[in-house]
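The following note concerns charged side-chain pairs and their placement in the fold. Please read the points alongside the sequence and the coordinates.

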Amino acid sequence: MFERATTTVPPPACCLDAALGDGQLAADDHRTLIELAGTAKTLGELTEFTADLQRTSDAPAGPRPPRSHRRQWFAAILVAATVAAAATGFALVYRPAVTISMPGDPELDAAAPLVIATPSLVTREGMALFRDQYRARFGDTIADRFLLYPDMASVDRPSAIRDTLYESWNYRGGFAKSGDPRSRTSGTVTVDLGTLDIDAMASLITLAVTGLGVEQGRVTHIVFDASRAGRGQPSVVIYVNNEFKESAHLEATPSGEILRQSPFRK
């Protein structure tokens, strides 16, 4: 018999609303994360959007997968059957390779598959790659807001229809529009990814991970916009978190000058 998981998981919207209420998230961050959570297709993707939030002591733990007493012998049978099927199929279809050359035609070698590794977007290499691909896709490096995660990004940029609207785009190795254009707040200041000193950002990432008091921390996301520093000045905020939900962040100018730090306090 299979055991049923009895743990309930609070909806991501509830976690994000709570984080907004206790100051862990700014209003713009909350809005973007709610939109991203709505596009998630698996529980694992939903967990990514709330991984850097501190939980209250009475919050329930994550879901526990059901266990089966038959799992071990079923897995063994499945593996054996798969191996047998593969061996039989190979014996039936395998034939020695034969090369046929036509007079006057050069012999063509089989092309090796091209594999391009995509680096984390919260590293120097990842930010440089994202900037280049963003410029290639849109013809500029302008947006109202950039939100970078290790394996994805979210962008709000002025709409091509008119500048009183904005469009949201998600990036996972390529760009896809998220929803329809929406009304853009009057006076919204754009930021230019081309002005970001990526070498300085790489140094700040190291500082955030090692110097903000989050033991075994990692960068969960980076926000680049003009909503935090006041007077419409662009700034970059680097967020750090660990498996114990201990978090901290620092804010800097695009050139790398630190504006403020919020270390983890025990």
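1. A salt bridge is taken here as a side-chain nitrogen of Lys or Arg within 4 Å of a carboxyl oxygen of Asp or Glu. By this rule the count comes to seven salt bridges. The model is predicted, so local features need pLDDT of at least 70, side-chain atom pairs count only at pLDDT 80 or more, and totals for chains, interfaces and linings use all residues. Residues are numbered from 1 along each chain as its sequence is written, and side-chain values use heavy atoms, with hydrogens and water left out.

2. One of these salt bridges joins R157 and D140, with an N to O distance of 3.0 Å. R157 belongs to strand β3 (residues 153-158) and D140 to the loop between α5 (124-138) and β1 (142-143), so the pair ties together parts 17 residues apart in sequence. Helices (H or I, at least four residues) and strands (E, at least two) are DSSP runs, numbered from the N terminus.

3. R157 is buried at 10% relative accessible area, whereas D140, at 25%, is partly exposed. Buried means under 20% relative accessible area, exposed over 50%, and partly exposed in between (1.4 Å probe, protein chains only).

4. A further salt bridge links R184 with D144 at 2.8 Å, N to O. R184 sits in the loop between β6 (182-183) and β7 (191-192), and D144 in the loop between β1 and β2 (145-148), so parts 40 residues apart in sequence are tied together. Both R184 and D144 are buried.

5. K177 and E167 also form a salt bridge, their closest N and O atoms lying 3.7 Å apart. K177 is in strand β5 (residues 175-177) and E167 in strand β4 (residues 165-171), ten residues apart. K177 is partly exposed at 44% relative accessibility, while E167 is buried at 8%.
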